[in-house]
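I opened my notebook to get to know a new structure, one look-up at a time. Here is what I wrote down along the way.

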Amino acid sequence: MGRYVTQRLILAGFTLLLVSIIVFTLLRVIVPLVYVDAVDIIAGEYGHSDPELAAQLRDEYGLSGNVVLQYFEWLGGLLRLDLGESLFNGRAITTEMGDRLPVSLELGIIGLLSAILFSVPMGVVAAVWQDRWPDYVFRTFAIMLNSIPGFWLAIMIITFGSLWFNWAPPLNFKYLWEDPVAHIKIMALPALLIGLTPSAGLMRIVRTQMLEVMRQDYIRTAQAKGLAGHVVIFRHAMRNALIPVVTVIGLSLPGLIAGTAIFESIFTLPGMGQYLVSSVSNFDYPVVQSTNLIFAVLIVTANLGVDLSYPLLDPRIRY
Amino acid sequence: MAACGGDDDEEAAEPTSTPTKEEQEKQEKKEEEVKSILWQRIDTTAQAVKGGIYQGYTTADVTNLDPLSSPSFTAAFSGCWYHPRLLTFKPGYRDKGATGEVQGYLGASWQQPEPTTLIFKLQPNAVWDEKLNKRPIDADDVVFSWNKFAAKGISRKDLVKLPDNPNGAVESIEAVDKTTVKFKLAYPYAPLLPALAYSRYLQVMPRESEGGYDPRNETRSGGPWMLTDYQRSVKFEMRKNPNYWAADKVYLDGFDIPIIAEYSASLAQFRAKKVWALTPRQEDVVGLYKDLPGALVAQGGHTRTVYFLFFGLQPGSPFLDERVRQAVSMLIDRDAWIDTFFNISEFNKEGFPTDVRYHSHIASGWEGTWLDPKSPDMGAGGKHFQKNVAEAKKLLEAAGHGGGIDTDIAWIATGQYGTTFPKYGELFKGFLEESGLFRLKLVNPDYATDYLPNYYRSKGNFKGIGVGALTTYPDLDQFLFAYFHSKGSIGHASLLVDPKSDQLIEAQRAEFDAGKRAAIIKDWQRHAAVTMPLVPFPGQSSAYAFAWPWVGNVGVFRAFDTESARDTYETTLWYDKSKHTT
Amino acid sequence: MASTIQASALEFGPRVVKERPLALRPVFWLLRFARQKPLGFVGMLMVAGLVLVAIFADQVATHPVNKLDLKHRLEGPSARHWLGSDATGKDTFSRLVYGARISMMVGFGAVAISAAGAATLGMVSGFFGGWFDKILQRFVDAWQAMPGLIILITILGIVRRMPNVNLVLAMVIAIGVLTIAGSSRVIRSQVLLVKQAPFVEAAHSMGAGSGRIMLYCILPNVFPLILVNATVALGGVILAEASLSFLGFGPAGEPSWGQMLSVDGREYMRKQPGLALFPGICIGIAVFGFNIFGDALRDVLDPRLRRR
């Protein structure tokens, strides 16, 4: 086990390094080469084609000099948990992330929980009544959910909620530790909406797994022993069926968190996705690099977590 | 942020001919109807009580909080809540919009001993807030701020004389003593006073903003409000500054200003009464009016901003010939354009008053100076503002382009400049192509790195037609000079040698008599209508805005612009709890 | 096991007893598909309809795509404008029809890139195995750890600022390349299975080269999987385009569904709900169609599922 974990950790580090290099190369080498860099944009907005001003800004922002060296400087800062500062407002990105990461994480996690809440019962029911009407209804419903753009639904809810019920999403974001009630009110709807789309995929996996498990001999034995239907389903079938589902859940979390970008901008939530969206147009390099890296960290961690949790879930698996 | 705030209209002159009795009755009935729709702007200052937090909103975050060095104007907008300026614009009152006259602000009084010297005496009790231990705002702060603006300000070239901007009017500024500053001008410059009242030039910031604190993220207040909380991309929280020298005349305790980017969400918030004022899309006005009988509706004024079609003037360009430019102007269906963007036909159908005016080469909101292109006073150039395809065709034939012209048209089609802007361009392209006289290829340049340097500021060194936006100006002078003078910083048409235009522009900036100055600018408009160096956008009608009745004095003291509203309008608002329904 | 693997891509279900004339085989295949997977068949019809509309957009549309009609702006459905008109009087129906073309271009284009890349990567990696495979897979790990939407926002946010870039093409390439890694994994594991099949060994012993074996023995056997993956992915790609447009990173000025929804739809929906409703429905139909078609296709084509 220990050897395996070490191996995985080294791999994770390698993966992150590679992601950071790819993003850095794209932002700082390829784009400036074929096009322009952040300073050209700022200088352009000042309206002066002034090479002196551009050079001065480049110095000020730490963008002059050897690019490779700058990468290592940024990497060095990273090791000290210093992500640098935004080119445009000088705020420390680490502080900013400290405020924003919890919001996105929370949105993702609540979204995931709501997805599970939707999908597991639907999947189980669909499997138990396979090829009968509950199965068809739930499957069609799930696919329909998966087909509707979440942001479209959000705007429809805001517009018609307002027209019909004079309802408006709560304003003035509060952190959980500031005002728990207000916080939950604000987060509930976007989190629910975030959960809708992945719940469709999850439901289908739950269904397939249930079908698989229910064909296994031990279930048939249980049924033959005359155990009541719900006991078989809940105690025997579901427990085993859910192991692969956990994998899927773990793996879908980062995607969910990335998907929060859209809902963060609709509902004015100070999350990471929104931070990226507002920074990328300005070529705010340090911010863009950092958000990309942090999302990658989330993905790698989720992968690692899922792999390491197998032995806990299923005693037959050992590393 | 507070609707009905930044406006500047003045009712159009009544028709002069004597109406028949029938017409008169009809007119009266119409006026009554209009009265029942429009809020009458009742002054309730006598009943005003202190207290209450105004619930406003804004649609976008700021790039950073430092107005004097930020590459974007957003910082200047928010800066006006807490940074005083030497002067401010006098507000209008009820039906009378602000005229652009100035009044004292941080500069309590001023005098001009000679045309090239301007001396300000500062407010004696002006202090910074507690974070600076209520230190007096002194002349050194003003000088510090000016020097920073002159070195880093995005609009510095409008005012400051610099090695690379020899036409700037202000040579230098010095602190005579703790409460006196002296401006030294390069030449007599009449429009300096409005410029010093303007948000995008000189906001006074404490010297401590260099070295003492980071002005990009923190603020110190010397004005009526303080930024007590700012969560990036979430909200601004403004509270009354108890140390403001005129704090006793401020009624509200503050403003909550969440950032609501999504239009449907801002509508929902207003309907739910969580936001107190709203300027909706004009297409939604009639629906909202019928839906929300309790809300107040008012018409703002005409804006003082006009956009242009500007031309590529490289050697061989067809647009070097004024007949081609006149033809372009005559292919535009101004009424259809205005109808599209100001919802005129629906308003007319529903009995909502509209006040459509065409822009001349200056915006129709410049009351007293603007010349109506439809009036005979415009002279020979007036016909260029009327759609006339046959005439345009003749002009093109005479210019040797009988077969039509193939060229480019450029505007910012990405959302970078809002979603309405591409629609403007779409319509122009449609008008020009509909005539069969132009075949246009659309180019979509990037705003900062392509459009600005290669089209907008290229001084005509591009191919085809550009669809251009501009910022508002405190005074016509900065605008006329930047856009139309051959030495102007924008100089769209500087390749068209036009000494008469230059001469008129120079004459007006040295003319201290307002009436005479307006006459010169009118002359210039007549001249530009003929030579058509650029083609102005069609025109406008006043926009409608909504507010809930518990906003006391809403729309009464009418600020000249949104930024001067912070100290001349928003300080007059009060919270009328008795009218607050849920 | 081996027999199922050798079955050709387009056969499934109970073995065909009678040999049908070659030309009619697809017809029978379709009939059988319709009988066994009615829902999937409906999806297939929806997809086919959209593809036809996309191809014949010029014939289907009632108005030129950018034709303004200022006298009839923001109108509801009528004989003049079947599905109403937008803020400058452009015909909603015609724009939706051309929007289908963009959606299909983005969808099929991205999926084609992704499928081709994934097939190459998966086959090469799985077939050669060993150290080569190990190293390659670590890169695939990193590739998969790229935060999809985030990277797309980053890339398109930058690319849209460049002059003369076709944003539709940029989006196609970006989405396509980003999704290679995920599906290459699935294909690789299938290749690992096929590699051990007797006929591959036979080919080896007959002296066939690696390229030849991959092309003639392995590709036909992983092809159904590629097809299924691609169909299932298509819906997601169309949604991704809509999301990016919504955030303002879409191909501005093009009548893509996402663009229609997030510009005029978002702004004028109170006045003319159709502007938001219809593009939303089109996105829904397209994604729904691809999803149910893909699901059914997976059931009948995916060799790993066929045992059930």
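This is a predicted model: local features need pLDDT of at least 70, side-chain atom pairs count only at pLDDT 80 or more; totals for chains, interfaces and linings use all residues.

**A helix across a sheet in chain B**

I began with helix H11 (residues 420-434) of chain B, which lies across E14, strand E16 (405-410), E17 and strand E18 (465-468) of chain B. H11(B) runs at about 155 degrees to E17(B). My helices (H or I, at least four residues) and strands (E, at least two) are DSSP runs, numbered from the N terminus. For the angles, axes are lines fitted to C-alpha atoms, for helices over the stretch in contact, and the values run from 0 to 180 degrees between N-to-C directions. Contact here is between residues whose C-beta atoms, placed from the backbone, lie within 7 Å.

Residues are numbered from 1 along each chain as its sequence is written, and chains are lettered from A and ligands numbered from 1 in the order in which they are written.

Next I looked up the sheet itself. In chain B, 5 strands form an open sheet in the order E17-E16-E18-E14-E19, and the pairing is mixed. Strands E17 (438-443) and E19 (535-536) of chain B stand at the edges with a single partner strand each, so one side of each has no neighbour in the sheet. I count two strands as paired if DSSP finds at least two bridges between them. Strand E14 (residues 308-311) of chain B pairs with E19(B) in the antiparallel sense over 2 bridges. Which residue of E19(B) is the bridge partner of Phe308(B)? I found Pro536(B) there.

**A second sheet in chain B**

I then found an open sheet of 4 strands in chain B, ordered E5-E6-E8-E7 with antiparallel pairing. Its edges are strand E5 (107-114) and strand E7 (170-177) of chain B. Neighbouring strands of this sheet are turned by 20 degrees against each other on average, direction ignored. Helix H3 (residues 139-152) of chain B packs on the sheet and touches E6, E7 and strand E8 (180-185) of chain B. E5(B) and strand E6 (residues 117-122) of chain B run antiparallel, joined by 5 bridges. Trp110(B) stands opposite Phe120(B) in E6(B).

**A helix of chain A**

The 33 residues of H1(A) should span 48 Å, and the end C-alpha atoms are 47 Å apart, which agrees. H1(A) has a kink of about 35 degrees centred on Leu26(A), where the bend is the angle between axes fitted to the seven residues ending there and the seven starting there.

**Chain C**

I counted 13 helices and 0 strands in chain C. The C-alpha atoms of chain C fill a box of roughly 75 × 50 × 30 Å along the principal axes. Of its 308 residues, 53% count as buried, with 20 or more other C-beta atoms within 10 Å of their own, these atoms being placed from the backbone.

**Where chains A and C meet**

This contact takes 32 residues from chain C and 36 residues from chain A. On the chain C side, H7(C) gives the largest share, 8 residues.

Methods. Two residues are in contact if their C-beta atoms, placed from the backbone, lie within 7 Å. The expected span of a helix is 1.5 Å times one less than its number of residues. A residue is buried if 20 or more other C-beta atoms lie within 10 Å of its own, exposed if 12 or fewer, and partly exposed in between; C-beta atoms are placed from the backbone.
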